[in-house]
Amino acid sequence: MGRKRIGILLLGWAIALACMSSTAYSAGKCSPESYSRARSAMTSRLLVTGYSKAQVSFLMRNTDRMTFALRADRLNDKAKACGIDSARAYVLERLDKQLFPVGSGSSSPPDQTKLTPGFWGRKHLTVRELLFIGHFHACLGAAKEFLFRG
């Protein structure tokens, strides 16, 4: 494996561990936000920090698709008291804490385009889109581990 691939792999693990530890710490707390409010806040935050409307639309559409795949009947006992809307909002709240400031963890310009294997249906993504996607998957995975069964 090349140095670049090992670096990307290590960065991914670091992001996942950071998100998991913060999720584990507050897994017993319900999100005070609804998913629609958390989504609106994330959308605004992305626009303010330099993401284009097209990028935000693409990222949030895929975020919705994956977040709404989380099912209420799979919530663990602690998360059942909060409900599925709270669990979905929690993913976006963790993402907000992990993602910003935008660009952390990358020395590449945020709008530099990278060729990918086709993450989220696109082969050409900007660095800022890749950062969002990486952080989102880390937080989604942590939420699945701590808020959902099997």
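User: What makes up the secondary structure of the protein chain, and in which pattern along the sequence?
Analyst: In this predicted model, the protein chain has six helices and two strands. Read along the sequence, these elements follow the pattern α-α-α-α-α-β-β-α.

User: Why are α5 and α6 called oblique to each other?
Analyst: Helix α5 (residues 84-99) and helix α6 (residues 127-147) pack at an angle of about 135°, with their axes 9 Å apart. Angles over 145 degrees count as roughly antiparallel and 65 to 115 as roughly perpendicular, the rest between these being oblique. The pair α5 and α6 is therefore oblique. The crossing of the two helices is right-handed.

User: Which residues make the contact between α5 and α6?
Analyst: From α5 the contact uses Ala87, Tyr90, Val91, Arg94, Leu95, Gln98 and Leu99. From α6 it uses Leu131, Phe132, His135, Phe136, Cys139, Leu140, Ala143 and Leu147. By class, this contact has 12 nonpolar, two polar and one charged residues.

User: What makes a set of residues the largest nonpolar core here, and which of them have the most contacts inside it?
Analyst: Membership requires buried nonpolar residues joined through side-chain atoms within 4.5 Å. The largest such core has 33 residues, and Leu46, Leu99, Trp120, Phe132 and Phe136 have the most contacts inside it. Helices α2 (35-48), α3 (53-67), α5 and α6 each supply at least two residues of this core.

User: How many residues does the protein chain have, and what share of them is buried?
Analyst: Of the 150 residues, 41% are buried, the cut-off being under 20% relative accessible area.

Terms used:
Residues are numbered from 1 along each chain as its sequence is written. This is a predicted model: local features need pLDDT of at least 70, side-chain atom pairs count only at pLDDT 80 or more; totals for chains, interfaces and linings use all residues. Side-chain values use heavy atoms; hydrogens and water are left out. Axes are lines fitted to C-alpha atoms, for helices over the stretch in contact, and angles run from 0 to 180 degrees between N-to-C directions. Helices (H or I, at least four residues) and strands (E, at least two) are DSSP runs, numbered from the N terminus. Angles under 35 degrees count as roughly parallel, over 145 as roughly antiparallel, 65 to 115 as roughly perpendicular and the rest as oblique. A crossing is left-handed if the near helix is turned anticlockwise from the far one by less than a right angle, and right-handed if clockwise. Contact means heavy atoms within 4.5 Å. Ala, Val, Leu, Ile, Met, Phe, Trp, Tyr, Cys and Pro count as nonpolar, Asp, Glu, Lys and Arg as charged, and the others, Gly among them, as polar. Buried means under 20% relative accessible area, exposed over 50%, partly exposed in between (1.4 Å probe, protein chains only).
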